[in-house]
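Work through the exercises below with the sequence and the model in view. Each task is followed by a solution in steps.

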Amino acid sequence: MGNCWERLGPQKNTYVRVSLPAVCFVWQIAMIILFGVFIRYDKESDAHWAEYKKKNNLTNIDNDFYFRYPSFQDVHVMIFVGFGFLMTFLKRYSYGAVGFNFLIASFGLQWALLMQGWFHSLDLTTGKISIGIESLINADFCCAGSLIAFGALLGKVSPVQLMVVTLFGVTLFAVEEYIILDLLHCRDAGGSMVIHCFGGYYGLAISWVLYRPNLHQSKRLHGSIYHSDLFAMIGTLFLWMFWPSFNSAISDHGDGQHRAVINTYIALASSVLTAFAISSMSQKRGKVDMVHIQNASLAGAVAMGTAAEFMITPYGSLIVGFCMGIISTFGYLFVTPFLEKTFKLQDTCGIHNLHAVPGMLGGFIGAIVAATATEEVYSKEGLINTFDKEGKYANRDMGTQGGFQAAGTCVSIAFGLIGGAIVGFILKFPIWGDPADDHCFDDEAYWELPEEEEETLPPVLEYNNHMIHKGQDITESSFSVDQS
């Protein structure tokens, strides 16, 4: 009888034939109008460059395009391929992972060019925003925060809700970035604070507000199969290979950018080994969980974002990667199930362990490295260049700089949690076409699917970091050696 009443009660309606086209058309038309009013080429992308370079005795090779475009290519691939494919682990949500990632990133980068332009490059005399190649990189960075949040909501929200998440996410990002980088004058080249910490806690707060008590009804789809994990590993490898470009893309030309690549490269390698080690130790027979490798192997790069261009030393980078691989894997093994059971926090991709915590720790690592910086290590000019000690910040001592770096991390956490909670309550209104509890993690709700032959593979492989019912190996083993 209870089941009968449940069927007769209010049902979710995933019909988005009106709402999705309306949002896409209206918001895109709004972008066209706003771009027409505000956006212009900067001096290095304008046709007047020919006159400018002649007047200033420059050549085309001095154009910032030739310095920044290789990094832009790598970051762009990470946003659309890396993030998209990393989320294809669910057995029936690959279209949604890649497709909706494509949708919200395409909208987000347009809105980001405007929001970041209003805060950072608006010419108050003309009222125009000048954009160039570095603007495109920053717009991709801005999108990354919303894509990270998408990971916590994967399979549980509609595309219209994701557009709303991106609209507010980009807006909040632009504000917190302005506070952290401009008002507090923090350094965060790779975005541990402004991207990963903010995006992680933003997505977690939304997911907490949108808690689904009956999500177990979709348990049959809340996991992966062999080929879905393989596709997700493709996303991991793209992210892993290009992350040195991500952390160095907007660093100062020369030693800062060079150092950021080296530090990130080393930290990534270190986190892979510890992720494999902890994953193997956690299983009774020492088998490795692919999901740990997909995610925890990247945690070193997330934590290295703030300190990437600092003189943290190569062995310091190895230590960061070493620790983050351990912390992230432990998070997938124990913290994610604990958060879901105790705090009702349903984190589909485990962004708490890959982005939120490593991003927060990366911000505090950057604060410590900044506070301990000395002229002996950096040189006087090196300190000025690395920490932009010019103008009103010329006399700021390094201990104070470290304090402001730590404060910047706290700002990103606050913006993520408070902003995410507000957006979550907006998304609770029953107007967005989100799926019912028994129809989550399924592309059929929003995509036309091809006919498939009858499935011959096991129905689902359950992973502890995505589902709380991991096989008994972890509980039985307690990191003990098999006695048989």
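**Exercise 1.** Decide whether F107 is buried or exposed, and state how far F107 and T166 are from each other in sequence and in space.

Solution. Step 1: find F107 in helix α5; helices (H or I, at least four residues) are DSSP runs, numbered from the N terminus. Step 2: apply the cut-offs, where buried means under 20% relative accessible area, exposed over 50%, and partly exposed in between (1.4 Å probe, protein chains only). Step 3: F107 has a relative accessible area of 6%, so F107 is buried. Step 4: F107 and T166 are 59 residues apart in sequence, and their C-alpha atoms are 8.0 Å apart in space.

Two notes apply throughout. The model is predicted, so local features need pLDDT of at least 70 and side-chain atom pairs count only at pLDDT 80 or more, while totals for chains, interfaces and linings use all residues. Residues are numbered from 1 along each chain as its sequence is written, and side-chain values use heavy atoms, with hydrogens and water left out.

**Exercise 2.** Find what the side chain of Q116 contacts.

Solution. Step 2: check its cover; with a relative accessible area of 6%, Q116 is buried. Step 3: look for polar contacts (pairs of N or O atoms within 3.5 Å; within protein, one must be able to donate a hydrogen and the other to accept it, and residues adjacent in sequence count only if both atoms are side-chain atoms). Step 4: the side chains of Q116 and E177 make a polar contact of 3.1 Å. Step 5: a polar atom of the Q116 side chain also lies 3.3 Å from the backbone oxygen of N138.

**Exercise 3.** Describe the salt bridges of R212 with D434 and D437.

Solution. Step 1: the closest N and O atoms of R212 and D434 are 3.4 Å apart. This pair links distant parts of the chain, 222 residues apart: R212 is in the loop between α8 (192–209) and α9 (226–248), and D434 in the loop between α17 (398–427) and α18 (473–477). Step 2: both R212 and D434 are buried. Step 3: for D437 and R212, the closest N and O atoms are 2.6 Å apart. D437 is also in the loop between α17 and α18, 225 residues from R212. Step 4: D437 counts as buried, at 17% relative accessibility.

**Exercise 4.** Check the span of helix α14 (residues 351–371) and state where α14 bends.

Solution. Step 1: the expected span is 1.5 Å times one less than the number of residues. Step 2: the 21 residues of α14 should therefore span 30 Å, and the end C-alpha atoms are 29 Å apart, which agrees. Step 3: α14 bends by about 25° at P358, the bend being the angle between axes fitted to the seven residues ending there and the seven starting there. Step 4: of the 21 residues in α14, 17 are buried.

Terms used. Helices (H or I, at least four residues) and strands (E, at least two) are DSSP runs, numbered from the N terminus. A salt bridge is a side-chain nitrogen of Lys or Arg within 4 Å of a carboxyl oxygen of Asp or Glu.
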